[in-house]
Amino acid sequence: MAAALDARGAEVSQTVHPTPAGRWLLAGLPLVFLGVVLVAPVLRLLAEGLGLAGDPLLTGEAASWWLPWQDAHLRWRLGWSLTQAAVTSVLALLLGLPLAWVLARLEFAGRALTLRLLMLPFVVPTLVAALGVLALWGPRGWLGEPLLRAGIDLSETPWLLLYGNLFFNLCLVVRAGVEALEQVSAQQVAAARSLGASPWRAFWRVEWPAIVPWLASALCLVFLYCFAGFGLALVLGGQRYATVEVELYTLVAHELALGQASVLAVWSLLLTALVAMAYAVLQRRLAAPVRPQPLPRRRPAGVRERLAVLLCLGVLLLVCVAPLLAIVGQAALALAGGAAAVLLEAEALQALGNTLRFTGLALVLATALGLAHALGVHALDRQAVRQGRSGQGAGALLWRAAVYLPFIVSPVTVAFGLLLLYPGWTASLGLLLAAYALLAYPFVAQALAAALDRLPASYAQAAATLGARPGRVLWRVTLPLVAPALRRGMAFAAATALGEFAVTLFLSRPEWTTLTTLIYQRLGRPGEANLDAAMVLACLLMALALLAFVLIEGPDRNAADRRHA
């Protein structure tokens, strides 16, 4: 009898968990994809920049390794890129920490909606955000035009780029701060207050040390996003305040100085890698935290706290919502002025069709890769548990880290590396879709892996006991249970593909113009009519991104647990 039960248990285990070949097949699909589309191009770029694979026919005269620090122009680009990323990080901390405290400690009408609206900057394409900044602070903007009449021209200052960076990144710090403050122990704060500490002293001595790692982790991401940002810097930086990523695009697309671009890209990659390492160390400290009893939220008491709530909502409205409202307002005025004809033009219809086609195909590929990645990690984790090893297996840890690689390497660097490694495939549909999927699939893999970690193994074991095969268990048990997380990851992936701009500029053909490239082309043409057309197209692209996100992700299920990485 015992032998029969052991045999049945082995059969159930084999049914629930994939075979070794199946596990490595699941992990191998994303492995091959990452190796071909990301790792190999980056290595080719490193070899070019280090002078190990110089091809005079391709790059011309080899550039000095120290060129970015010897050339005054490139030195300014690197210095300004680091400066604007650091300044944005500081501003995001100074604004975001008080906002996070209000949202984490006070309960007020509209709090849940406010937390949900914090997702908006993560969904909106970068080019749309840049147009929103111009619609608000540009020479014809709602606030910029009165300032211009007063003699203040913001277009000649770094303010537009810094504000655009805050639009995207302030919400990241706020959400990280809210999550961190919810980890603070209510007992420790109560003990400090009982010993006579004022609320301010209790915050600095108890709450602040507990939330510093969370905030530092978020600020690392802010720095990476700002340093490696392309769309905002291209539109808002102008000639003087353009960043390294814009300089890379200029060197490749306009000057054909591939040797200089390779060296500059290597330095940019090294700098982002250092920040990414700091982020990884901080994330390791935050892994599997012991969740204490959090401080309960309370209704605002007194004028000071009510004023804090109003200021919180006002800052979020000004920084995170106003640019989107400005786009809608400018687009409405443009439509009233006759700009609606742009929506029926042949190039706009073609761009819309290309955008939807590329997004749909990339989403299918990204979803397949994300599923394989998450299921492979999950299978390797289960195998480590069955073999009695504590914690995660080395293979699973490696794959959990690998999913973040597309976030570390900027889209411009990816596209440039693909051009160097696969010159014969330039402007091919397969390469373009692969680049789209590379930037989108980590959202699917990350969301799905987290959901699989929380899924009790007993569900699949029960189905297997009743005779279900692995494919049926996956289809009828596992996927329905993790469907909300899968939809959430697909929603972010779709929004990413819809608004992709950098790789499209590098890898597409003229007939493959998308809405993002068409908007950029309209901005480069003189005349108010083209600016109005760009605003209308940007409003259309924003509506598509929000619609795709809402339709795929569905109604809000747990907004407090969502993160964008």
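**Note on cavities, a pocket and helix packing**

1. By class, four nonpolar, four polar and one charged residues make up the lining of the second largest cavity. The model is a predicted one. The residues in question are Ala228, Glu245, Ala265, Ser268, Leu269, Thr272, Ile408, Ser410 and Thr413. Helix α15 (residues 258-286) gives the most to this lining, with four residues.

2. How much space lies in the second largest cavity? The answer is about 40 Å³. The structure holds four cavities of 30 Å³ or more. As background, empty space is found by rolling a probe the size of a water molecule over the atoms.

3. The volume of the second largest pocket is about 950 Å³. Its lining has 27 residues, and those closest to the centre are Trp101, Pro199, Trp200, Phe203 and Arg298. By class, the lining of this pocket holds 21 nonpolar and six charged residues, with no polar ones.

4. Which helices supply at least two residues each to the lining of the second largest pocket? They are α5 (72-105), α11 (186-194), α12 (199-227) and α16 (302-336). The most comes from α5, which gives eight residues.

5. The helix α5 also deserves a look for its packing. Two packed helices are described by the angle between their axes and the distance between the axes. For α5 and helix α10 (residues 159-181), the angle is about 45° and the axes are 6 Å apart. That angle makes α5 oblique to α10. The crossing of α5 past α10 is right-handed. In the contact of α5 with α10, the residues divide into 19 nonpolar, five polar and one charged.

6. Now α5 and α12, both of which supply residues to the lining of the second largest pocket. These helices pack at an angle of about 140°, and their axes are 9 Å apart. Are they roughly antiparallel or oblique to each other? Roughly antiparallel would need an angle over 145 degrees, and α5 and α12 are therefore oblique to each other. As α5 passes α12, the crossing is right-handed.

7. A last point concerns aromatic rings. The count of aromatic pairs comes to 24. One of them joins tryptophan 137 and tyrosine 163: the ring centres are 5.7 Å apart and the planes stand at 70°, so the pair is edge-to-face. The cut-off behind that label is an angle over 60 degrees. Tryptophan 137 belongs to helix α8 (residues 126-137) and tyrosine 163 to helix α10, so this pair ties together parts that are 26 residues apart in sequence.

Terms used
Residues numbered from 1 in each chain as written. Predicted model: local features only at pLDDT ≥ 70, side-chain atom pairs only at ≥ 80, totals over all residues. Heavy atoms only, no water. 1 Å grid on protein atoms, 1.4 Å probe; cavity = no way out; pocket = protein on both sides within 12 Å on 5 of 7 lines; lining within 4 Å. Points joined across faces, edges and corners; volume = space filled by probe spheres on them. Nonpolar A, V, L, I, M, F, W, Y, C, P; charged D, E, K, R; others polar. Axes fitted to C-alpha atoms, helices over the stretch in contact; angles between N-to-C directions. Parallel < 35°, antiparallel > 145°, perpendicular 65-115°, else oblique. Left-handed = near helix turned anticlockwise from the far one by under 90°. Phe/Tyr/Trp six-rings, centres within 6.5 Å; stacked < 30°, edge-to-face > 60°.
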